[in-house]
Amino acid sequence: MSIVTVQLGQCGNQIGFEVFDALFIDSHCPQRLSSKRENEAYQASCKERFFSEEENGVPIARAVLVDMEPKVINQTLSKAAQSGRWKYGQHSSFCQKQGSGNNWAYGYSVHGPRHEESIRNLIQKEVEKCDSLSGFFIIMSMAGGTGSGLGAFVTQNLQDQYSNSLKMNQIIWPYGTGEVIVQNYNSILTLSHLYRSSDALLVHENDAVHKICAKLMNIKQISFSDINQVLAHQLGSVFQPTYSAEGSFHYRRNPLGDLMENLVPHPEFKMLGVRNIPQMSENSLAYSTFTWAGLLKHLRQMLISNAKMEEDSLKESCITDVLEAQRTVVCEKRIDWQIRPPLPGLPSLSKMSLNKELHFNTSIANLLILRGKDVHSADLEGFKDPALYTSWLEPVNAFNVWRTQRAFSKYEKSAALVSNSQFLVKPLDMIVGKAWNMFASKAYVHQYTKFGIEEEDFLDSFALLEQVVASYCTL
């Protein structure tokens with residue numbers, strides 16, 4: 001089944017390009033651990049999901065590109081065509097001459113209704129190319145104008161037009177020290193509207209991805225391209241094909257449907273996060289080896305301590321600094337290993353007031369995706385512990401695993417964890433609080449009311465998101 005990707009705004013289009021490029025490169029790289037038949041099946045499954053018919057031998061991405069300014073779209077179309085590997089469709093993009101000026105209301109109330117029909121027609125043409133539609137993957141920012149405001153409008157439109165098809169929004173959480181003064185307003189409006197029209201929100205925090213680039217990838221001058229490549233790697237580790245069942249060598253056909261079924265058991269809980277391990281520079285990888293026991297031990301502790309990345313040493317995979325004469329082993333302790341699941345019968349610290357530190361990260365559901373050598377030998381008992389999960393969902397239903405012996409990217413063994421948990425409680429509560437403080441003094445509200453977003457819309461957004469925070473706190 002196929003996924004139609006909708007890339008919105010500068011952020012969505014730049015990330016979208018990196019995602020398609022990462023998917024294509026991975027699927028066309030033969031793996032020595034896989035037979036020729038398996039490699040071909042993997043490639044065919046990836047193509048069915050993300051690429052349509054070939055034009056002059058070049059696959060075409062199943063994507064619609066939308067921005068209210070032409071610059072980024074033209075750059076994105078050109079980069080894809082110049083790669084020679086794949087390209088976007090000749091009539092798959094829509095742009096105008098005027099952006100949204102970081103005003104959510106302008107993207108939602110002006111650009112949305114004005115260009116609704118044109119954007120809907122482009123999406124319909126992509127849908128018609130699919131033999132079977134799994135759903136929509138919408139890539140957008142949370143704090144800008146076009147990506148967030150128009151993105152919320154387009155998602156709502158997709159819900160109206162394709163109510164039986166799944167919709168997952170991949171949203172970029174803004175930097176804590178963002179430069180857009182109204183980013184908290186834009187963020188609460190985006191989240192509240194998406195919560196009503198999307199089936200799941202897959203969230204990436206800019207601050208966390210930036211740290212991955214600096215600490216794990218050892219990038220000195222970090223660019224948006226570097227950040228987007230890390231995002232693309234994480235998304236690829238989730239969406240590339242996996243076996244449909246234990247012992248099967250057939251790839252699952254409905255990736256979005258299977259993902260939602262496993263991770264979103266209740267419509268009030270639809271915030272998803274991704275962690276993967278390992279993630280490192282090519283130079284570090286050359287001196288690293290991994291075991292499933294080491295990888296999963298660290299990934300589990302990342303989950304329960306709400307660590308966004310791996311900075312602790314894996315016993316079998318310490319990074320050796322070959323530039324030092326004594327070959328010093330670099331091992332930074334960053335994961336909090338003191339955090340443990342609550343004992344049976346005792347309340348979890350995570351159920352305490354938000355005024356206190358959230359310690360243990362309780363999960364609703366987790367999906368573990370394992371790729372690579374000896375994948376069926378991995379011991380998963382640590383993720384089946386009932387103490388990791390909320391009491392109203394049995395671990396047998398709350399935890400699922402997907403596998404394939406085909407390695408992903410450059411890693412012989414790798415694991416990705418998609419989690420519906422309390423990981424966003426504090427960031428969400430902080431954004432709501434900052435927006436409330438501005439709204440109390442009516443700061444910048446006039447910029448929204450003049451384009452049709454009333455004070456009542458803000459109040460509705462605050463109420464919905466405060467309920468989301470409260471619901472996650474009670475897990």
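Serine 414 has its place in strand β14, which covers residues 413–421. The model examined here is a predicted one, and the values given below are computed from it. Serine 414 counts as buried because its relative accessibility is 8%, where the cut-off for buried is under 20%. Setting aside neighbours within four places in sequence, the residues in contact with serine 414 are Ile277, Pro278, Trp292, Ile369, Leu370, Arg371 and Phe408. Leucine 370 is 44 residues away from serine 414 along the chain, yet 6.1 Å separates the C-alpha atoms of the two.

Another of the listed members, methionine 168, is in contact with Phe136, Phe137, Ile138, Ser198, Ala200, Leu202, Phe239, Leu256, Leu259, Met260 and Leu272, when neighbours within four places in sequence are left aside.

Helix α15 itself has 19 residues and reaches 27 Å from its first C-alpha to its last, close to the 27 Å expected at 1.5 Å a residue. Its buried residues are Phe458, Ser461, Phe462, Leu464, Leu465, Val468, Val469, Ser471, Tyr472 and Cys473. An α-helix has 3.6 residues a turn, so residues three or four places apart point the same way. Among the elements that cover the buried residues of α15 are α6 (183–197), β9, β12 (363–372), β14, α13 (425–440) and α14 (446–449); strand β14 is also the strand that holds serine 414.

These local views belong to a chain whose secondary structure comes to 15 helices and 14 strands. Of its 475 residues, 58% count as buried. Among contacts between residues at least 6 apart in sequence, 81% join residues at least 24 apart.

Serine 141 is found in strand β6, residues 133–141, and it counts as buried because its relative accessibility is 15%. Not counting residues up to four places away in sequence, serine 141 touches Cys11, Gly147, Ser148 and Ile172. Serine 118, in turn, is found in helix α4, and at 36% relative accessibility it counts as partly exposed.

Where does the packing leave space? Rolling a probe the size of a water molecule over the atoms shows where empty space is left. A search of the whole structure finds 6 cavities of 30 Å³ or more, and about 140 Å³ of space lies in the largest cavity. The lining of the largest cavity is made up of Val203, His204, Glu205, Ala208, Val209, Ile212, Gln234, Gly273, Val274, Arg275, Lys308 and Phe423. By class, this lining has 6 nonpolar, 3 polar and 3 charged residues. At least two lining residues come from each of β8 (200–205), α7 (206–216) and β9 (271–277).

Helix α7 deserves a look of its own, with Asn206, Ala208, Val209, Ile212, Cys213 and Leu216 buried; Ala208, Val209 and Ile212 are also among the residues that line the largest cavity. The cover over the buried residues of α7 includes β7 (166–173), β8 and α8 (224–239). Just after α7, asparagine 218 takes a positive phi of about 60°.

The second largest cavity holds about 70 Å³ of space. Glu116, Ile119, Arg120, Ile123, Phe153, Val154, Asn157, Leu158, Gln161 and Tyr162 line it, and by class these residues divide into 6 nonpolar, 2 polar and 2 charged. Helices α4 (104–128) and α5 (146–161) each supply at least two residues of this lining, with α5 giving the most, 5 residues.

Conventions. Residues are numbered from 1 along each chain as its sequence is written. This is a predicted model: local features need pLDDT of at least 70, side-chain atom pairs count only at pLDDT 80 or more; totals for chains, interfaces and linings use all residues. Side-chain values use heavy atoms; hydrogens and water are left out. On a 1 Å grid over the protein atoms alone, a cavity is a set of points where a 1.4 Å probe fits but cannot get out, and a pocket is an open set with protein on both sides within 12 Å along at least five of seven lines; lining residues have an atom within 4 Å of a point. Grid points are joined across faces, edges and corners, and a volume is the space filled by probe spheres set on the points. Helices (H or I, at least four residues) and strands (E, at least two) are DSSP runs, numbered from the N terminus. Ala, Val, Leu, Ile, Met, Phe, Trp, Tyr, Cys and Pro count as nonpolar, Asp, Glu, Lys and Arg as charged, and the others, Gly among them, as polar. Buried means under 20% relative accessible area, exposed over 50%, partly exposed in between (1.4 Å probe, protein chains only). Contact means heavy atoms within 4.5 Å. The expected span of a helix is 1.5 Å times one less than its number of residues.
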